[in-house]
Each structure stands twice: as structure tokens, then as C-alpha cells.
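Work through the exercises below with the model open. Each task is followed by a stepwise solution.

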Amino acid sequence: MAVAEATTQVKDAGQGTVVSARNVDLTFETSDGAVQALRDVSLEIGKGEFVSFIGPSGCGKTTFLRVVAALETPTGGDISVNGMTPEEARKARAYGYVFQAAGLYPWRTIGKNVKLPLEIMGYDRAEQDRRMREVLQLVDLEGFDKKYPWQLSGGMQQRASIARALAFDADLLLMDEPFGALDEIVRDHLNEQLLSLWARTKKTCLFVTHSIPEAVYLSTKIVVMSPRPGRITDIIDSPLPAERPLDIRDSAAFIEVAHRVREGLRAGHGDA
Amino acid sequence: MSAPIAAPGAGAGRSGRVGLWLRGRGAAAGPVLAVVLAIFALWYVGTVALNAQWTLDQAARADREVGFAELVADTMAQDRPMLPAPHQVAVELYDTVIAQEITSRRSLVYHAWVTLSATLAGFGFGTVLGILLAVGIVHNRAMDMSVMPWAIASQTIPILAIAPMIIVVLNSIGIQGIVPKAIISAYLSFFPVVVGMVSGLRSPGAMQMDLLRTYSASRGQVFWKLRLPASIPYLFASLKVGIAASLVGAIVGELPTGAVQGLGARLLSGSYYGQTVQIWSALLMAAVCAALLVGAIGAVQRAVLRRMGMDR
């Protein structure tokens with residue numbers, strides 16, 4: 001019932017909002033008692049924004065992403081995605097999800113891995129082929145469609161998994177620490193590529209990370225979270241320009257934003 | 001978290017090691033040969049030690065002395081030795097495998113085929129049954145709770161106890177010949193397939209299942225696109241165990257009826273008449289059959305995994 005109300009509310013809120021969360025609570029029942037993974041999380045994410053969620057382990061950043069993806073159901077509050085419930089949004093193919101590990105099927109070539117969602121969603125073969133080539137080009141993996149995952153480096157595998165999430169052209173890209181398992185050099189390179197991909201495709205991105213430079217470099221909005229219970233401590237609208245070369249990370253504006261994120265993280269720890 | 005799917009990756013690694021073993025086989029020829037020679041040496045020592053008493057008894061009865069050389073020679077040339085010497089078994093194998101028409105009742109190849117046909121029929125039936133049960137167990141909680149305990153219980157009953165009952169019951173309703181043997185074979189071979197396939201079908205991790213949930217994939221799609229391919233390396237490991245168990249089942253199935261055909265029949269008649277040489281050659285034939293069957297499964301496994309891109 002509460003969900004239905006939220007739907008109407010957000011439809012009223014207008015076309016610009018992609019994700020709207022109001023007082024979202026999520027409590028897990030575990031054997032040691034209840035764990036409050038999210039408490040009173042309220043957030044509006046507009047179309048075309050790049051929003052990073054940063055915070056220590058257990059702050060609920062991944063949980064929030066899973067709530068948006070309808071992989072978890074909140075125990076309180078309202079959340080809508082594209083004006084629908086998360087469940088409806090998923091059925092409407094509103095989002096692509098990128099996990100921490102690439103999770104490519106070892107028995108499928110890269111091309112076939114990218115086609116996996118398209119097969120499940122029932123696209124015809126010609127369209128599958130066309131889209132597969134298009135998204136592999138987007139992530140700079142043209143010509144790798146016949147290779148098997150083990151023939152690719154970790155960074156290339158993760159790019160292939162981003163291509164898989166882009167294949168059915170959802171407006172919303174949910175990424176859960178996609179570069180967490182990669183080394184710093186590869187990560188820098190992928191961050192740069194992701195930013196240019198975002199600029200070209202105009203997707204709305206929700207990006208979970210625990211790296212401050214990564215969050216500041218990529219985002220138009222940074223959501224700082226803290227644990228026990230998982231909650232938002234600060235929301236920072238980035239003053240950085242849309243055009244961001246890697247060396248912007250040495251600029252005064254960048255350092256200032258990074259400083260504010262760090263302060264937010266520290267404050268979260270202080271009252272925990 | 002770096003391995004995309006932990007278990008099939010491990011499976012591919014396993015077959016990769018097999019490949020390595022095959023490539024390294026040339027280098028390992030020396031040690032392998034040494035082990036084979038050691039086994040033969042031990043076998044000959046055993047032959048002399050176990051058969052000496054009979055030679056000595058015979059000599060005592062005839063009231064004469066035997067020298068050591070004569071003793072050793074005699075232990076290896078007895079008609080019904082306690083333990084036949086390797087060359088006696090080799091001669092018997094030559095007589096029954098090479099020197100006979102393979103359609104002859106005296107041909108060990110003929111008997112092996114009788115047993116093998118029951119083995120293959122039972123293996124096929126057991127494998128299909130095992131896969132179907134595993135699919136049911138993975139998809140249905142009631143089946144998970146109810147079938148698995150029975151499957152485990154079925155394997156705790158000694159096959160020697162249940163085989164005669166299966167044969168007697170089936171015989172009373174007019175089913176004879178290959179079918180009862182195949183059923184006993186299937187009874188032994190379905191179990192490893194159930195256990196392996198259940199692990200295999202459950203091998204995809206939470207992340208893999210979540211990924212398909214984000215596509216709103218149906219249970220059928222999850223099965224065909226993820227669970228089944230992920231289970232293939234597990235299936236082959238089970239099939240290797242299953243086919244060896246099938247052969248044992250077929251042989252055991254030939255024992256209680258006093259069958260006249262098959263390797264089990266050769267074992268039985270050998271033991272009736274104290275024909276140890278015949279028993280040992282039948283045992284060796286059974287071992288060769290098992291090796292060929294397991295080898296054949298291994299070849300299919302390599303071909304399938306290579307086709308799936310999982311055999312590096």
C-alpha cells in the first residue's frame with residue numbers, strides 16, 4: 001500500500017527524477033538480532049546525474065543500491081525508480097547492474113556474455129548482434145567478442161561486464177564497486193573511460209565505492225554514508241566541471257571536495 | 001571474488017591439470033614402469049609364498065624331497081593355485097581372448113560384452129534418473145527434503161544383499177536377462193550423479209543468481225543459461241564414479257542367479273570349481289573394461305569442455 005502511494009507521489013514529482021527515496025529503512029533479521037542496514041535514507045537523484053555512494057563497510061551503500069534494483073525490499077519508507085516501484089522498474093528493464101566481480105560465464109565468449117541479457121529478454125538474433133557490437137565498441141573491446149573471459153585481463157573483463165549491463169540500453173546504471181578488485185593504475189584508466197562513457201551515453205549512474213579520489217573524480221553528487229545504523233551523513237554537489245582530465249585531481253577544487261568527503265566520513269565515525 | 005564462478009572454474013582447472021598430466025606422461029614413464037615392475041615382483045613373491053604349502057604337501061604325500069628351484073617352479077605351474085602367477089593369467093587371457101571366436105561361449109570378450117551391455121544400459125538409465133532427481137531436488141524444497149535421505153539410505157544397503165531380491169522379484173513377474181542386471185547397475189550409478197549434479201546445479205553463487213534476477217529471468221532461463229552449463233564439470237566427475245559403479249553392479253547382478261554368461265558368471269563358475277586362473281583373468285578383464293569406460297568418459301569430458309571453452 002505504501003509503495004503504491006509512493007508511485008503516485010513521484011509521478012507528481014516530475015520527469016527529472018530517476019530515483020526518489022523517502023525515509024527508507026531496512027532492517028535485517030539475523031541470528032544475533034536485528035541489524036539496521038538503512039535508517040531514514042532520503043535522496044533524490046535526477047536524470048543524467050553521476051552519484052557516488054561512499055562510506056566504510058556496513059554503511060549500507062551496497063544495500064541501498066540493491067534496494068534500488070529490487071534485490072532487497074525496504075522495511076519502511078518509500079522508494080521509486082523512474083516513477084515506479086523498484087520491482088516494476090526492473091520488469092521495465094530500467095537499469096543495468098554491474099557487480100564487484102565481472103561474473104562472466106566461463107563457457108560463453110565475450111560476445112555471448114554480452115548477449116546474455118538480450119537472449120533472456122527475447123531480442124531477435126540480428127538485434128542481439130547489432131547491440132553486442134555497439135556496446136563492445138563503447139567499452140573499447142571491439143574484436144574481442146570471440147574471446148573467452150579467461151583470455152582477458154581483469155580490467156577488460158570488468159569492461160565486458162559493463163558492456164553487458166549497457167546492452168539492453170537501460171537509462172540507469174547501477175555499479176557496486178566495479179573496480180574494487182583492480183589495481184590502481186587499471187582503475188584510473190577505467191575511471192577515465194567510464195567518465196567519457198557517461199558523457200556519451202547520458203546515463204544516470206549510481207556508483208558504490210570506498211575510494212575518495214574515485215568518488216570525487218567521477219561524481220556530480222557524492223553521498224557520504226556511515227554505519228551502525230547505515231545512514232546518509234552528507235550529500236555533496238560537486239563544483240567540478242563536466243570535462244575532467246585525470247590531472248584535475250591535483251586542482252584546489254578537487255582537493256576541497258575530497259576534504260569535505262573525508263570530514264563527512266570522520267563525522268560519521270565520531271557519533272557511531 | 002576474482003574468479004567469475006568459483007566452482008566451474010575449479011572444474012576447468014582440474015581438467016587443465018589432467019591435460020598437464022597427459023603432456024607430462026612421457027617424463028613420468030620411468031616411475032610408472034618401476035611401479036608396474038614392483039607390482040609384478042610382489043605378485044610373483046606372493047605366488048611362491050602362497051602356493052608353496054600345496055607343493056610341499058604333495059611332495060610329503062609322495063614321500064619325496066623338493067629342492068628350492070623345483071619348489072619355485074612348481075608353485076608357478078599348479079592347476080588350481082591359491083594365487084596364479086601372472087604368466088598363467090596371461091596364458092589364460094590369450095586362450096580366452098585371442099584364441100577364441102568372440103561369439104564363442106568360451107571367449108572372455110563375449111562374456112565381457114554381456115556384462116558391458118548391462119553396464120551401459122544401467123549406466124544410461126542411472127544417469128538419466130540421477131540428473132532428473134537432481135533437477136527436482138534443486139528446484140523443489142519438498143523433493144530436497146524427501147528424496148535425498150532415501151537416496152543416501154539406498155546406498156547404505158550392501159548391494160550383495162539387495163541384488164538377489166531385485167532379481168527374484170523381477171523374475172517372479174517374468175523379467176529376466178539384461179533388465180535385472182541393468183537395474184542393479186542403475187541402482188549403484190544414479191547416486192554419484194545425483195550428488196554431483198546437485199552440487200553442480202547449486203554451484204552458481206549469490207552474485208550470479210542476483211545478476212539473472214536483475215534481468216527478471218524465469219526459472220527455466222536460470223536453469224538452461226546458468227545452472228546446467230555450470231554443472232557440466234561436476235557431471236563428468238560423477239559419471240566417472242558412476243560408470244565404475246555400474247560395472248560392479250552388473251557383475252554383482254550376475255552372481256545370485258547362477259548366470260552362465262558374463263564376467264560375473266566366470267567369477268562364479270571359477271569359484272565353484274576352484275579355477276583361480278579363470279577368476280583372475282575375469283577380474284583383469286573387468287579391470288580393463290572399467291579403465292576403458294572411465295577413459296571413454298574422460299575423452300568425452302575433454303571434448304565437451306573444449307567445445308564449451310572451459311578446457312584451456
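**Exercise 1. Which side chain meets that of A:K203 in a salt bridge?**

Step 1. Apply the criterion: a side-chain nitrogen of Lys or Arg within 4 Å of a carboxyl oxygen of Asp or Glu.
Step 2. The partner of A:K203 is A:D169, at 2.8 Å, N to O.
Step 3. Count across the boundary: the rule finds one salt bridge between domain 1 and domain 2 of chain A.

This is a predicted model, in which local features need pLDDT of at least 70, side-chain atom pairs count only at pLDDT 80 or more, and totals for chains, interfaces and linings use all residues. Residues are numbered from 1 along each chain as its sequence is written, chains are lettered from A and ligands numbered from 1 in the order in which they are written, and side-chain values use heavy atoms, with hydrogens and water left out.

**Exercise 2. Describe the interface of the two domains of chain A.**

Step 1. Domain 1 covers 2-94 + 172-270, and domain 2 covers 105-169.
Step 2. List contacts (heavy atoms within 4.5 Å). Twelve residues of domain 1 touch 13 residues of domain 2 in chain A.
Step 3. Take the buried area, the accessible area (1.4 Å probe) that two parts lose on being put together, summed over both. For these domains of chain A it is about 1,200 Å², with 67% from carbon and sulfur atoms.
Step 4. A:R93, A:L197 and A:K203 supply 41% of the area that domain 1 buries against domain 2, more than any other three residues.

**Exercise 3. How many salt bridges are counted between chain B and chain A?**

Step 1. Start with contacts: 24 residues of chain B meet 25 residues of chain A.
Step 2. The buried area is about 2,400 Å², and carbon and sulfur atoms give 65% of it.
Step 3. B:T214, B:Y215 and B:K225 supply 27% of what chain B buries against chain A, more than any other three residues.
Step 4. The count is two salt bridges. One of them joins A:R66 and B:D210, with the closest N and O atoms 2.8 Å apart.

**Exercise 4. At what angle do the axes of helix 7 and helix 8 of chain B cross?**

Step 1. Locate the helices, DSSP runs (H or I, at least four residues) numbered from the N terminus. Helix 7 of chain B is residues 159-172, and helix 8 of chain B is residues 178-201.
Step 2. Name the contact residues: among them are B:I166 and B:L170 of helix 7 and B:I184 and B:Y187 of helix 8.

Methods: Axes fitted to C-alpha atoms, helices over the stretch in contact; angles between N-to-C directions. Helix = DSSP H or I, 4+ residues; strand = E, 2+ residues; numbered from the N terminus. Domains from an automatic or database assignment.
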